[in-house]
Amino acid sequence: MSRTCPFFANSASIWDVVSQSIMWCFEQQPGGPAACSDAEAETGLETGPRRAVVCAGCGFGISSSDQAVEVDGRHAHTFFNPAGILFEIGCYREASGCIAHGRPTDEFAWFPGFNWRYAACGGCGQHLGWLFESRAGSAFFGLVLERIVELGSGGEDLDA
Ligand SMILES: [Zn+2]
(Lines give C-alpha, C1' and ligand atoms only; values in the text may rest on other atoms or scores of the structure.)
Protein backbone atom coordinates (compact mmCIF):
# COMPACT_ATOMS: atom_id res chain seq x y z
CA MET A 1 0.00 0.00 0.00
CA SER A 2 1.35 3.41 -0.85
CA ARG A 3 1.38 6.23 1.66
CA THR A 4 1.27 9.70 0.25
CA CYS A 5 1.25 11.63 3.48
CA PRO A 6 4.74 13.06 4.10
CA PHE A 7 4.31 12.82 7.82
CA PHE A 8 4.04 9.07 7.63
CA ALA A 9 6.14 8.41 4.59
CA ASN A 10 9.60 7.58 5.79
CA SER A 11 11.23 6.45 8.95
CA ALA A 12 9.28 4.27 11.29
CA SER A 13 11.93 4.59 13.97
CA ILE A 14 11.52 8.30 14.59
CA TRP A 15 7.82 7.87 14.39
CA ASP A 16 8.01 5.23 17.07
CA VAL A 17 9.64 7.78 19.35
CA VAL A 18 6.89 10.28 18.64
CA SER A 19 4.32 7.60 19.16
CA GLN A 20 5.82 6.63 22.48
CA SER A 21 5.74 10.19 23.75
CA ILE A 22 2.16 10.72 22.71
CA MET A 23 1.17 7.37 24.17
CA TRP A 24 2.72 8.56 27.38
CA CYS A 25 0.63 11.71 27.22
CA PHE A 26 -2.51 9.69 26.89
CA GLU A 27 -1.56 7.36 29.67
CA GLN A 28 -1.27 10.35 31.97
CA GLN A 29 -4.76 11.51 31.14
CA PRO A 30 -7.44 10.25 33.51
CA GLY A 31 -9.80 8.08 31.57
CA GLY A 32 -7.32 7.47 28.78
CA PRO A 33 -7.96 7.95 25.07
CA ALA A 34 -11.57 6.86 25.34
CA ALA A 35 -12.28 10.08 27.19
CA CYS A 36 -11.79 12.02 23.98
CA SER A 37 -15.17 11.05 22.64
CA ASP A 38 -16.95 11.29 25.96
CA ALA A 39 -18.81 14.56 26.38
CA GLU A 40 -18.55 14.25 30.15
CA ALA A 41 -14.78 14.21 29.86
CA GLU A 42 -14.63 17.86 28.91
CA THR A 43 -12.80 18.97 31.98
CA GLY A 44 -9.85 21.16 32.63
CA LEU A 45 -9.89 22.93 29.29
CA GLU A 46 -10.42 26.67 29.37
CA THR A 47 -12.79 27.00 26.47
CA GLY A 48 -14.26 30.42 27.11
CA PRO A 49 -16.52 31.78 24.38
CA ARG A 50 -17.12 29.38 21.55
CA ARG A 51 -14.92 30.39 18.62
CA ALA A 52 -14.81 29.13 15.08
CA VAL A 53 -11.85 27.08 13.95
CA VAL A 54 -11.36 27.46 10.22
CA CYS A 55 -9.02 26.29 7.49
CA ALA A 56 -6.04 28.63 7.25
CA GLY A 57 -6.00 28.18 3.51
CA CYS A 58 -9.59 28.92 2.55
CA GLY A 59 -11.46 29.93 5.69
CA PHE A 60 -13.83 26.97 5.59
CA GLY A 61 -15.36 26.19 8.99
CA ILE A 62 -13.60 23.15 10.42
CA SER A 63 -14.44 22.95 14.10
CA SER A 64 -14.91 25.18 17.11
CA SER A 65 -12.97 25.99 20.22
CA ASP A 66 -15.34 24.05 22.45
CA GLN A 67 -14.38 20.88 20.61
CA ALA A 68 -10.77 21.16 21.70
CA VAL A 69 -9.61 18.42 24.01
CA GLU A 70 -6.61 18.31 26.27
CA VAL A 71 -4.06 15.56 26.23
CA ASP A 72 -1.74 15.47 29.20
CA GLY A 73 -2.94 18.90 30.25
CA ARG A 74 -2.40 20.46 26.86
CA HIS A 75 -4.49 20.86 23.75
CA ALA A 76 -1.49 21.40 21.47
CA HIS A 77 1.50 19.14 21.12
CA THR A 78 4.74 19.90 19.38
CA PHE A 79 6.89 17.18 17.90
CA PHE A 80 9.01 16.18 14.97
CA ASN A 81 7.70 14.28 12.02
CA PRO A 82 9.74 11.42 10.53
CA ALA A 83 11.55 13.89 8.25
CA GLY A 84 12.71 15.87 11.28
CA ILE A 85 10.38 18.80 10.69
CA LEU A 86 8.90 20.39 13.78
CA PHE A 87 5.18 20.83 13.75
CA GLU A 88 2.28 21.15 16.09
CA ILE A 89 -1.10 19.49 16.26
CA GLY A 90 -4.18 20.31 18.28
CA CYS A 91 -6.68 17.69 19.37
CA TYR A 92 -10.37 18.23 18.63
CA ARG A 93 -13.21 15.97 19.64
CA GLU A 94 -15.13 16.77 16.49
CA ALA A 95 -14.23 18.56 13.27
CA SER A 96 -17.33 18.52 11.15
CA GLY A 97 -15.68 20.57 8.41
CA CYS A 98 -13.12 17.86 7.80
CA ILE A 99 -13.58 15.08 5.31
CA ALA A 100 -11.93 11.91 6.50
CA HIS A 101 -10.58 9.77 3.73
CA GLY A 102 -8.38 6.77 3.21
CA ARG A 103 -8.64 3.34 4.64
CA PRO A 104 -8.26 3.26 8.44
CA THR A 105 -4.87 1.93 9.40
CA ASP A 106 -2.82 1.40 12.51
CA GLU A 107 0.47 1.81 10.65
CA PHE A 108 2.69 4.21 12.59
CA ALA A 109 -0.20 4.65 14.98
CA TRP A 110 0.33 7.55 17.34
CA PHE A 111 -2.19 6.36 19.83
CA PRO A 112 -2.48 2.82 21.09
CA GLY A 113 -5.68 1.21 19.96
CA PHE A 114 -6.47 3.97 17.48
CA ASN A 115 -6.52 3.68 13.72
CA TRP A 116 -6.04 6.84 11.69
CA ARG A 117 -7.34 8.25 8.46
CA TYR A 118 -6.46 11.43 6.66
CA ALA A 119 -8.54 14.51 7.43
CA ALA A 120 -8.88 17.08 4.67
CA CYS A 121 -10.54 20.48 4.55
CA GLY A 122 -14.09 20.18 3.28
CA GLY A 123 -13.67 23.46 1.47
CA CYS A 124 -10.35 23.27 -0.38
CA GLY A 125 -9.21 19.70 0.16
CA GLN A 126 -6.01 20.67 1.95
CA HIS A 127 -4.68 17.96 4.23
CA LEU A 128 -5.31 19.32 7.72
CA GLY A 129 -4.49 16.37 9.92
CA TRP A 130 -5.84 13.01 10.91
CA LEU A 131 -8.90 11.38 12.33
CA PHE A 132 -8.10 8.85 15.02
CA GLU A 133 -10.66 6.18 15.71
CA SER A 134 -10.52 3.49 18.33
CA ARG A 135 -11.94 0.05 17.89
CA ALA A 136 -14.14 0.85 20.86
CA GLY A 137 -15.81 3.63 18.89
CA SER A 138 -14.20 6.76 20.30
CA ALA A 139 -12.62 9.24 17.93
CA PHE A 140 -10.90 12.61 17.75
CA PHE A 141 -9.12 14.76 15.23
CA GLY A 142 -5.46 15.78 15.38
CA LEU A 143 -5.16 18.95 13.30
CA VAL A 144 -1.95 20.65 12.23
CA LEU A 145 -2.23 24.00 13.98
CA GLU A 146 -0.50 26.01 11.29
CA ARG A 147 -3.16 24.84 8.83
CA ILE A 148 -6.09 25.99 10.93
CA VAL A 149 -7.01 29.30 12.53
CA GLU A 150 -9.03 29.82 15.67
CA LEU A 151 -10.85 33.04 15.04
CA GLY A 152 -11.01 35.77 17.63
CA SER A 153 -13.90 36.04 20.05
CA GLY A 154 -15.46 38.99 18.22
CA GLY A 155 -17.91 38.48 15.40
CA GLU A 156 -17.83 34.73 15.06
CA ASP A 157 -20.37 33.61 17.62
CA LEU A 158 -21.37 30.18 16.43
CA ASP A 159 -24.15 29.94 18.96
CA ALA A 160 -25.99 32.91 17.47
ZN1 LIG B 1 -9.57 24.80 3.21
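I will start with the conventions and the overall make-up, then move to the details.

This is a predicted model; local features need pLDDT of at least 70, side-chain atom pairs count only at pLDDT 80 or more, and totals for chains, interfaces and linings use all residues. Residue numbers start from 1 along each chain, as its sequence is written.

The secondary structure comes to one helix and nine strands. Here helices (H or I, at least four residues) and strands (E, at least two) are DSSP runs, numbered from the N terminus. The order from the N terminus is α-β-β-β-β-β-β-β-β-β.

On burial, 29% of the 160 residues count as buried. The cut-offs are these: buried is 20 or more other C-beta atoms within 10 Å of a residue's own, exposed is 12 or fewer, and partly exposed is in between, with C-beta atoms placed from the backbone. For contacts, two residues count if their C-beta atoms, again placed from the backbone, lie within 7 Å. Among contacts between residues at least 6 apart in sequence, 58% join residues at least 24 apart.

Next, the core. A nonpolar core is a set of buried Ala, Val, Leu, Ile, Met, Phe, Trp, Tyr and Cys residues joined through C-beta atoms within 7 Å. The largest one has 28 residues, and Ile 62, Cys 98, Ala 119 and Leu 128 touch the most other members. At least two residues each come from β1 (52–55), β4 (86–92), β6 (114–121), β7 (127–134) and β8 (139–144). Which strand gives the largest share? That is β6, with six residues. As background, nonpolar side chains tend to be buried together in soluble globular proteins.

Leu 128 has contacts that include Ile 62, Cys 98, Ala 119, Leu 143 and Ile 148, leaving out residues up to four places away in sequence.

Now β6 itself. Six of its eight residues are buried, so this strand is mostly covered. Two strands pair if DSSP finds at least two bridges between them. β5 (residues 98–105) is joined to β6 by five bridges, and the two run antiparallel. Within that pairing, Thr 105 has Trp 116 in β6 as its bridge partner. β6 and β7 are also antiparallel, joined by seven bridges. Their hairpin has five residues between the strands, and Gly 125 there takes a positive phi near 85 degrees.

Ala 119 stands opposite Gly 129 in β7. Is Gly 129 buried or exposed? Gly 129 is buried, because 25 other C-beta atoms lie within 10 Å. Its contacts include Ile 89, Ala 119 and Phe 141, not counting residues up to four places away in sequence. Gly 129 and Cys 98 are 31 residues apart in sequence, and their C-alpha atoms are 9.0 Å apart.

Last, an open sheet of three strands, in the order β2-β1-β9, with antiparallel pairing. β2 (61–64) and β9 (148–150) are the edge strands, each pairing on one side only. Three bridges join β1 to β2, and Val 53 stands opposite Ser 63 in β2.

Gly 61 is partly exposed, because 18 other C-beta atoms lie within 10 Å. Gly 61 touches Ala 52, Val 54 and Gly 97, not counting residues up to four places away in sequence. Between Gly 61 and Ile 148, 87 residues apart along the chain, the C-alpha separation is 9.5 Å.
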